Amino acid sequence: MASHIVGYPRMGPKRELKFALESFWDGKSSAEDLKKVAADLRSSIWKQMSDVGIKYIPSNTFAYYDQVLDTTAMLGAVPPRYGWSDGEIGFDVYFSMARGNATIPAMEMTKWFDTNYHYIVPELGPDMKFSYASHKAVEEYKEAKALGVDTVPTLVGPVSYLLMSKPAKGVDKSFNLLSLLPKILAIYKEVVGELKAAGATTIQFDEPQLVMDLDSHKLQAFTEAYAELESALSGLNVVVETYFADLTADAYKTLVSLKGVSGFGFDLIRGTKTLDLIKSDFPSGKYLFAGVVDGRNIWANDLAASLATLQSLEGIVGKDKLVVSTSCSLLHTAVDIINETKLDDEIKSWLAFAAQKVVEVNALAKALAGQKDEAFFSANAAALASRKSSPRVTNEGVQKAAAALKGSDHRRATTVSARLDAQQKKLNLPVLPTTTIGSFPQTVELRRVRREYKSKKVSEEEYVAAIKEEISKVVKLQEELDIDVLVHGEPERNDMVEYFGEQLSGFAFSANGWVQSYGSRCVKPPIIYGDVSRPKAMTVFWSSMAQSMTPRPMKGMLTGPVTILNWSFVRNDQPRHETCYQIALAIKDEVEDLEKAGINVIQIDEAALREGLPLRKSEHDFYLKWAVHSFRITNVGVQDTTQIHTHMCYSNFNDIIHSIIDMDADVITIENSRSDEKLLSVFREGVKYGAGIGPGVYDIHSPRIPPTEEIADRIRKMLAVLESNVLWVNPDCGLKTRKYGEVNPALTNMVAAAKQLRQELASAK
């Protein structure tokens with residue numbers, strides 16, 4: 001019985017690739033040094049899978065930055081601004097596309113489906129000249145072969161590649177990207193020819209776009225593409241892999257009818273309905289790659305349940321045609337539990353990171369073949385039983401409180417306009433009030449203090465004194481800049497989710513559970529293993545301290561329940577929305593304690609609300625309903641005079657604007673400057689928004705300092721579609737990653753622009 005891995009994390013167990021990349025970018029090491037680190041990582045990954053006994057081991061899933069960018073390089077689809085004309089694409093051009101350089105901006109980056117990974121978006125048009133310009137897939141296949149490992153070269157499929165692209169600047173937005181299919185298929189044929197010549201016997205095409213809502217024209221493109229590739233693929237085993245969701249009946253039919261394809265991969269964790277399609281009609285003689293081991297979470301597999309699923313599939317496709325696989329690439333999970341020093345043994349026994357998932361896949365394949373490792377299966381069953389019965393997982397009080405939420409929609413009793421009037425009487429803010437989003441620059445010194453406090457090198461008194469001094473500096477600076485609603489700058493926080501997770505019960509934290517977000521950037525998601533509650537106040541001490549330093553309103557700063565959920569590894573033993581409601585109740589306790597402590601403005605960030613939107617439109621309503629409800633639960637108990645803010649980061653909000661309105665916040669600050677002010681188009685189209693709103697007036701992700709007139713001009717554009725009595729003036733996002741040398745002049749200009757517009761409005765009256 002065969003086993004298969006869709007893809008594997010590339011950063012290395014201790015983020016070796018991250019450090020090698022950053023050292024190379026900083027000019028501290030050579031291209032050869034970087035290539036050596038990468039080759040060592042690839043070799044250890046292939047050897048590890050080979051030693052475990054995996055039959056279909058992937059190659060070309062490694063990338064220095066991103067697998068879609070690798071495909072852009074393979075196709076020679078370099079935007080003209082990078083000045084490349086021909087020849088093999090090297091690091092210079094590759095990293096310029098990914099990161100930009102001194103004079104040329106990077107290509108756009110966007111989320112890979114509904115994961116927290118980001119890919120570099122190809123920019124295409126009718127004049128793009130494609131050429132075979134990166135031989136990486138063939139080189140890596142040969143590299144593995146020289147090490148004695150026969151791998152499955154993996155390519156981003158041609159149709160998914162085009163569907164994930166965008167028309168280049170200057171190309172009509174309505175340009176049909178699929179019209180480029182014949183041009184790129186010519187390159188794919190060359191690549192396949194070289195792989196065949198090098199000795200490859202199996203090739204994998206990843207076509208995840210098949211799980212999206214596709215019209216018949218797009219589905220037809222898959223049929224045409226593989227019919228065109230059929231002769232080039234003859235003599236090879238070809239697997240087309242899909243992941244992240246169910247397939248519609250039409251997409252399934254299209255997939256299993258593709259010419260020249262011998263096997264089909266399905267995500268059977270997030271695509272449970274696909275099982276019914278397979279059971280009712282699977283083409284005879286074809287291979288089924290059954291993704292029963294979760295590539296997107298960190299829980300140990302329920303081996304007995306997976307084995308039962310596989311046995312039922314075996315009856316349909318035949319014993320020799322069933323391949324045990326992961327649900328998607330393991331890129332989206334942590335690397336190896338062996339490196340964990342922070343987690344206790346009980347919690348560790350419930351988990352499986354990428355290296356452990358490879359072992360699970362192999363154990364299931366052997367069990368199907370009649371070589372079941374009884375000891376391994378028993379240990380797995382015991383771990384699952386311990387998780388189910390552990391008193392650490394279940395908290396009856398929390399379960400009861402969450403159950404009691406049913407039957408109410410948790411709306412504040414009065415309308416937003418009545419609340420804004422009550423708040424204005426109390427806060428007495430000018431028209432176009434200014435504020436910032438929350439964090440101020442985190443200096444090296446500040447990080448050192450936090451680190452030393454964590455490792456007990458400085459006492460609590462010394463730590464509190466250092467943080468108090470930092471808050472005082474930030475408050476003073478904002479007063480000098482004449483900002484209206486202040487923040488304390490969050491000097492005590494490492495990360496907007498981890499900071500809260502560390503103070504909530506039901507959360508655990510790994511030492512090395514890093515997952516790639518984009519390029520060299522990795523995140524370490526908290527692990528939600530049990531019922532969530534708040535043992536004691538989390539932010540009241542610091543917020544009260546900050547408020548005592550100024551007569552101006554000081555915002556209490558919290559992360560919202562949906563963002564905490566979407567940026568964590570979430571327990572899989574109850575529905576996600578139930579966990580979200582539990583987090584909402586914990587944040588509600590904090591909101592009410594802040595209010596009691598005299599904090600009149602409280603911001604509950606929902607940066608990741610849109611990120612959790614399911615891939616399929618049919619599932620959007622249910623998600624948005626419970627996500628928005630969770631937010632409302634957090635602040636339903638406050639007085640009308642307490643102003644509730646929320647903040648949202650980069651995302652295309654236009655399609656969910658009605659859900660944002662339904663959150664019923666008093667003020668929302670929202671990313672705007674970087675997305676070509678797409679957000680304002682919603683209001684131009686007549687959407688009525690009665691609450692306070694602060695579309696970002698400058699992009700904090702760039703070191704550039706926007707001049708006063710530019711910001712003033714932006715505010716004028718906003719006033720063309722929004723009433724002056726609801727408009728706020730603020731940056732796009734928190735200032736944590738910026739330097740004070742950039743922040744001070746940028747905020748000075750922002751306040752000056754707001755004052756200029758106040759004068760213009762007054763004289764217009």
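1. A salt bridge here is a side-chain nitrogen of Lys or Arg within 4 Å of a carboxyl oxygen of Asp or Glu. Keep that cut-off in mind for this predicted model. The side chains of R714 and E710 meet in such a bridge, with N and O 4.0 Å apart.

2. Where do R714 and E710 lie? Both are in helix α26, residues 708-719. They are four residues apart, about one turn of the helix. R714 counts as buried because its relative accessible area is 16%, and buried means under 20%. E710 has 26% relative accessibility, so E710 counts as partly exposed.

3. Some salt bridges share partners. R42, D70, K136, E140 and E143 are joined into one network in this way. By the rule in point 1, the count comes to 46 salt bridges.

4. Look next at D114 and R270. Their side chains form a salt bridge, at 3.9 Å from N to O. This pair links distant parts of the chain, 156 residues apart. D114 sits in the loop between β3 (109-111) and β4 (118-120). R270 sits in the loop between β10 (263-267) and α10 (274-280).

5. Are D114 and R270 buried or partly exposed? D114 has 16% relative accessibility, so D114 counts as buried. R270 is at 35%, so R270 counts as partly exposed.

6. R412 and D666 form another salt bridge, and their closest N and O atoms are 2.8 Å apart.

7. Now turn to helix α8, residues 216-233. α8 has 18 residues. From first C-alpha to last, α8 reaches 25 Å, close to the 26 Å expected at 1.5 Å a residue. The helix has a kink of about 25 degrees, centred on A227.

8. Which residues of α8 are buried? They are L219, A221, F222, A225, Y226, L229, A232 and L233.

9. What follows α8? G235 does, and the phi of G235 is positive, near 90 degrees.

Methods: Residues are numbered from 1 along each chain as its sequence is written. This is a predicted model: local features need pLDDT of at least 70, side-chain atom pairs count only at pLDDT 80 or more; totals for chains, interfaces and linings use all residues. Side-chain values use heavy atoms; hydrogens and water are left out. Helices (H or I, at least four residues) and strands (E, at least two) are DSSP runs, numbered from the N terminus. The expected span of a helix is 1.5 Å times one less than its number of residues. The bend at a residue is the angle between axes fitted to the seven residues ending there and the seven starting there. Buried means under 20% relative accessible area, exposed over 50%, partly exposed in between (1.4 Å probe, protein chains only).
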